[in-house]
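These are my notebook entries on one protein chain. I shall record, entry by entry, what I looked up and what I found.

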Amino acid sequence: YFVAKDRVKEIVSLVLVAESQYENWLRQQDEFTLNWLMSNNYKSKKNSYCMIPSRTGVINKVLVGIDETPDLWSIAHLPMSLPVGFYALETSHEILWQELALGWGLAAYSYNTYKKPIREAATLVIPENQSHEWVQAQLQAFYLVRDLINTPAENMGPEELSFAARTLAKHYKAEFAEVVGEDLLRENYPAIHAVGRGSTRAPRLIDLSWGDVNHPKITLVGKGVCFDSGGLDLKTAADMSLMKKDMGGAAHALGLASLIMDAKLPVFLRVLIPAVENAVSGSSYRPGDVIPTRKGLTVEIGHTDAEGRVVLSDALAAASADKPDLIIDFATLTGAAKVALGTEIPVMFSNDQDSANFMAEISMAENDLVWQLPLYASYRSMLDSGIADINNCSESGYAGAILAALFLQSFVDEDIPWFHFDLMAWNVVDKPGRPKGGEAMGLRTVFRFLERQYKS
């Protein structure tokens with residue numbers, strides 16, 4: 001989707017013009033161009049474009065309608081719409097070029113493991129002396145997230161997810177370890193084992209670490225439920241249809257780790273992923289069971305389909321034991337989150353309000369929205385159990401996302417700043433640059449937050 005300028009000869013210019021500037025732009029054009037636009041009845045609107053030929057009939061420029069302020073998605077409709085060829089942006093603004101190029105690269109993505117692509121994407125030319133390495137690094141991370149989520153569960157089980165993490169660790173010379181199967185009990189990860197024991201695919205805790213231990217310690221935790229049948233509280237067929245994406249939190253943790261390591265942020269990074277399949281068998285955990293956890297709290301299983309928070313409890317307890325400077329977890333945790341904010345905006349919770357305010361501010365600036373909901377302590381009693389320290393769900397149908405976050409908070413030490421992101425990780429409809437399927441949500445925001453906090 002990118003090529004260096006010195007490697008191609010025939011280049012088509014992309015001319016970006018906002019509607020308010022269109023009349024001024026027209027005054028500077030020759031008669032041929034004016035007649036061509038008129039004959040094509042072109043109107044300069046957002047997401048519009050018109051290919052303009054030279055007098056010899058060869059396309060040499062494309063007029064592109066944009067908003068008053070260009071953003072990430074301003075030209076995302078072009079890579080899969082324009083004829084295959086080489087196109088160059090007419091802008092000398094480096095930051096703008098990088099943002100538009102990122103949108104172009106995201107629009108060029110397609111998941112083609114099981115079928116041939118419908119077409120190739122058009123190629124964007126990298127100007128001379130233009131840095132594009134960071135754009136490539138971001139695309140590598142976002143493609144990783146999308147690919148992991150889009151892969152069917154048959155080929156993305158706990159072992160395959162572990163392989164993806166191991167491959168990432170090898171690429172960045174990070175340390176990799178995992179605790180698998182019955183060793184989870186020996187190493188005191190009983191909650192992960194309980195949820196995953198019903199599957200023939202062994203559950204595991206994936207553990208990646210990178211950086212200088214003397215730097216600030218950042219721990220990422222990602223929900224890695226590679227397929228969620230609901231367990232013995234079985235989901236319907238419709239509810240199960242997208243459950244290959246239930247490891248979307250793990251995908252986000254690995255994608256963010258990729259960005260952190262590529263940028264060489266001065267942090268000590270740890271990534272913890274409890275990877276399981278919530279399957280149905282004679283050894284599946286049951287409604288009404290009481291299971292122990294790494295933190296020492298006991299959990300009554302009110303519903304086996306609230307399994308994500310159960311496996312995360314052990315991972316968050318392990319994360320807290322290191323006393324990191326920050327814990328961030330990602331999870332496709334509740335339907336209540338998308339009821340509250342829809343499918344495109346991740347829900348954010350935090351026990352550090354100043355940091356949450358900063359994260360929200362960055363999300364607006366990055367056009368990568370996340371939205372805070374409260375850790376409303378008064379609701380914690382809705383998770384009380386008569387026979388255990390806590391229930392994994394409430395009998396109430398209200399405040400599902402908040403209750404899940406309160407459950408997780410029980411396993412994070414109070415003195416450690418913590419963020420929890422409850423996200424969809426899936427585009428339900430096609431949009432320019434955001435094809436239907438697995439999606440990285442909030443990733444640019446969280447990375448920019450970490451960069452602003454720790455780069456210096």
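This is a predicted model: local features need pLDDT of at least 70, side-chain atom pairs count only at pLDDT 80 or more; totals for chains, interfaces and linings use all residues.

Is Ser162 buried or exposed? I found a relative accessible area of 2% for Ser162. Buried means under 20%, so Ser162 is buried.

**Entry: surroundings of Ser162.** I located Ser162 in helix α5, which covers residues 158-171. I then listed its contacts, leaving out residues up to four places away in sequence. Ser162 touches Phe176, Glu178, Arg204 and Ile206.

**Entry: the six-stranded sheet.** I looked up the order of the strands in an open sheet of six and read β1-β6-β5-β2-β4-β3. The pairing in this sheet is mixed. The edge strands are β1 (2-4) and β3 (49-53), and each of them pairs on one side only. On average, neighbouring strands of this sheet are turned by 35° against each other, with direction ignored.

I next followed the pairing of β3 with β4 (residues 59-66), which is antiparallel and extends over five bridges. Within this pair, Ile52 has Lys61 in β4 as its bridge partner. I also looked for helices on the sheet. Helix α2 (residues 31-39) lies across β3 and β4 and runs at about 135° to β3. Helix α3 (residues 94-107) packs on the sheet as well, where it touches β1, β2 (12-18), β5 (86-89) and β6 (123-126). The direction of α3 makes about 155° with that of β6.

**Entry: strand β9.** How many of the six residues of β9 are buried? I found that five of them are, and I recorded the strand (residues 217-222) as mostly covered. Strand β9 is joined to β11 (residues 268-278) by five bridges, and the two run parallel. In this pairing, Thr219 stands opposite Arg270 in β11. Strand β9 also pairs with β14 (residues 326-331), again in the parallel sense and over five bridges. Here Val221 stands opposite Asp329 in β14.

**Entry: the three-stranded sheet.** I read the order of a further open sheet as β12-β13-β17, with mixed pairing. Strands β12 (290-292) and β17 stand at the edges with a single partner strand each, so one side of each has no neighbour in the sheet. Strand β13 (residues 298-300) and β17 run parallel and are joined by two bridges. Glu300 stands opposite Asn391 in β17.

**Entry: helices α10 and α13.** How is α10 oriented relative to α13? I found an angle of about 30° between α10 (residues 308-321) and α13, with their axes 9 Å apart. Angles under 35 degrees count as roughly parallel, and the two helices are therefore roughly parallel to each other. Their crossing is right-handed. I listed the residues that meet: Arg309, Val310, Leu312, Ser313 and Leu316 in α10 with Ala404, Phe407 and Leu408 in α13. By class, this contact has six nonpolar residues, one polar and one charged.

Entry: Asn367 is in the loop between α12 (353-365) and β16 (371-372), and at 39% relative accessibility it counts as partly exposed. Ala399 lies in the loop between β17 (390-391) and α13 (400-409). With a relative accessible area of 26%, Ala399 is partly exposed.

Note on methods. Residues are numbered from 1 along each chain as its sequence is written. Side-chain values use heavy atoms; hydrogens and water are left out. Helices (H or I, at least four residues) and strands (E, at least two) are DSSP runs, numbered from the N terminus. Buried means under 20% relative accessible area, exposed over 50%, partly exposed in between (1.4 Å probe, protein chains only). Two strands pair if DSSP finds at least two bridges between them. Axes are lines fitted to C-alpha atoms, for helices over the stretch in contact, and angles run from 0 to 180 degrees between N-to-C directions. Angles under 35 degrees count as roughly parallel, over 145 as roughly antiparallel, 65 to 115 as roughly perpendicular and the rest as oblique. A crossing is left-handed if the near helix is turned anticlockwise from the far one by less than a right angle, and right-handed if clockwise. Contact means heavy atoms within 4.5 Å. Ala, Val, Leu, Ile, Met, Phe, Trp, Tyr, Cys and Pro count as nonpolar, Asp, Glu, Lys and Arg as charged, and the others, Gly among them, as polar.
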